Amino acid sequence: MPRSLLPAASAVLLALTVLNAPPARAEPSATAADPPPVAVTVNARAALATVPETGIGTNHAIWDSNLGTDATADTLKAAGVKLLRYPGGSYSDIYHWETHTAPGGYVAPNTDFDTFMRGVRRTGAQAMVTANYGTGTAAEAAAWVRQANVTKGYGIKYWEIGNENYGNGHYGSAWEADDHADKSPAEYARHVVAYADAMKAVDPTIKIGAVLTTPANWPDAIVGEGDDGSWNKVVLSAAGSKIDFVILHWYPGALDRAGHVPDMIRLTREQLAKYAGAGADRIGIAMTEFNTGTSSNGTNTQPGALAAADAYATLLANGVFTVDWWNVHNGIGTVTEVEGHTDYGDFGLLSSGTCTADGSVCEPALNTPFAPYYALQMVSKFARPGDQFVRAATDQPKVTAHAARRPNGDLAVMLVNTSSDTSYPVTIGYAGYRPASGAPTVLTHTNGATAITTATSGTATAQTLPPLSLTTLVLRPATSQAGLPGAPGQPKATNVTDQAATITWPAASPGTRPIAKYEVHRQNGAITEQLGETPGTSFTVGNLTPGTRYTVNVIARDTGGGLSWSSPPLTFTTGTPATSSCSVRLTNQTDWASGYVGSLDITNRGAPLNGWTLSFAWPRPWQSLGSGWGAGWTETGSQVKVVNDPASPALATGATVTVGYVGNYSGPNVLPAVFTLNGTVCRTE
């Protein structure tokens, strides 16, 4: 993300779109009716990703003179931070580790590599290092690996090649240093291969990461002049076999964007599968820079904290192995009042103790935590490494829910109330889990609070959420969990058609009783639908809907009725009919990361038609029709109809008609996949 390169004593400004500040907080009316209870559903059978060791991360920067202090490390450790990234965003592409210099930028004292690593170890975290692609060389990066892992024995596992290198001017905007004459994604990919070879020759155990664009964020999907495709397509096609993880950055600019995450990550995985070659499922996804938005949204007050907790939990539940806040210390920016508290426009987790240029406003003392710090701390208490996320949902948009199952049988539920003025009572229902009676442990962080409080209150099924609050319940199971079977292994889908798929999985290890059968469950939000059961490790599911994304889990049941944990999730998408009286080919002709020109080739493979209507639906609510041509286009909600031109209604057998449209989107762009012609589902080509 573009940002100024300034000393630590000044703000590091992010070039993000400034949104209007939210209205002033309203005091609740004394006569207002109590809101109805919010229904929360937690489904322990609908498993998501396992919490990684490196999930909670943040960024350090060499312009921050407090980077290596014990006070900083101890404060981050208390938040549960498990990964620290260095040397700091765009500085990575001007930084030379051997001389500890960054020509054109400011380097604070006591921020060298060894000082950083001392802080990493005191924090109890792992390190991620960004090698200099913009002004460095593969040899320089390999020498850094040697110094770190051979000479010093630091054992650093994760190494990125550059930072936001698509911001080198190739697509118009330029903020990232890049001395290469060729600034194309193909040139970046060639160097990723060279860097990976040189660095792994020193230490073959390290993991190499390549920079990708984030779906629906500029310049994603744009094809630059002379390129064979988008940045991601070109980089993955050329360097996919050499990398171990890919790097996304996300500054959503708004506080309600966690709903974009599942598609964002799914589209990235689809690109990996399509372009990165054999074994692409081994490639991890890291969100190495994340921040909630702009200062007017409440960057370091409670709204930003609530959005941070929601986003961290959603990203980790969808299999991202680290989410790294930008950044530890940043500096004062635009000062506003948000929900009754001063927001300093500071993108740091901790106060840098700086003041505005005129000295009229100063931040609190150095290392005072801002509200998002407590969000990371809450997430680290809610979902610990080795826990398994499970589905949770609510029927109130102002309240979101997340849940995680623990190896000891406990279950944690995190509830986020984003309402400024309403305390919501919640009733919580559980599937696949029976909590113990009695009051659970409840962790709470409220607007303006300077700590997370812990109490024993309410019940497992009823709580009240204060306005602008984070609440985590830790529940014990009603009965002992000993002797249950182990979870089945990662399922795979084969022979996927428009209406069926064969699902196979590694057998579960038995507990004290033999395994009697396996159950296959489909996730439908926080509700599961059992698709079938079998004594074996393969099951063919039928009666599926064409062009639909399915997520399933497998559960083992023993001869005494005991249930295992759910398998890791499997997501697959059904196709369209292999044979049909019509076919449709959708081509994304031009994309500008917020809209695209689509072309539809409609072929009649049945009897001649005298008049035709093509129908399809936008997969996501953030998609809409801009304009259309070649036929009559209408849009009603998510439904789109394309009707033949009255002057040419005929469509002969074997004939093709081509129509086009502009599709607008403000989130991950999942393309329409199912089309009907006069009511018949077409084959999509």
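This is a predicted model: local features need pLDDT of at least 70, side-chain atom pairs count only at pLDDT 80 or more; totals for chains, interfaces and linings use all residues.
Mentor: Before we start, local features here need pLDDT of at least 70, and side-chain atom pairs count only at pLDDT 80 or more, while totals for chains, interfaces and linings use all residues. Residues are numbered from 1 along each chain as its sequence is written, and side-chain values use heavy atoms, with hydrogens and water left out.

Trainee: Happy with that! What makes cysteine 355 and cysteine 362 a disulfide?

Mentor: Their S to S distance is 1.9 Å, and a disulfide is a pair of cysteine sulfur atoms within 2.5 Å. The link of cysteine 355 and cysteine 362 is right-handed, with 100° about the S-S bond.

Trainee: Why is cysteine 355 called partly exposed?

Mentor: Because its relative accessible area is 34%, and partly exposed lies between buried (under 20%) and exposed (over 50%), using a 1.4 Å probe and protein chains only. Cysteine 362, at 36%, is partly exposed too.

Trainee: Why is the disulfide of cysteine 582 and cysteine 682 left-handed?

Mentor: The torsion about its S-S bond is about -100°, so that disulfide is left-handed. Cysteine 582 lies in strand β27 and cysteine 682 in the loop between β37 and β38, so the pair ties together parts 100 residues apart in sequence; strands are DSSP runs (E, at least two residues), numbered from the N terminus.

Trainee: How many disulfides does a search of the whole structure find?

Mentor: It finds two, and the pairing in sequence order is 1-2, 3-4.

Terms used:
Helices (H or I, at least four residues) and strands (E, at least two) are DSSP runs, numbered from the N terminus.
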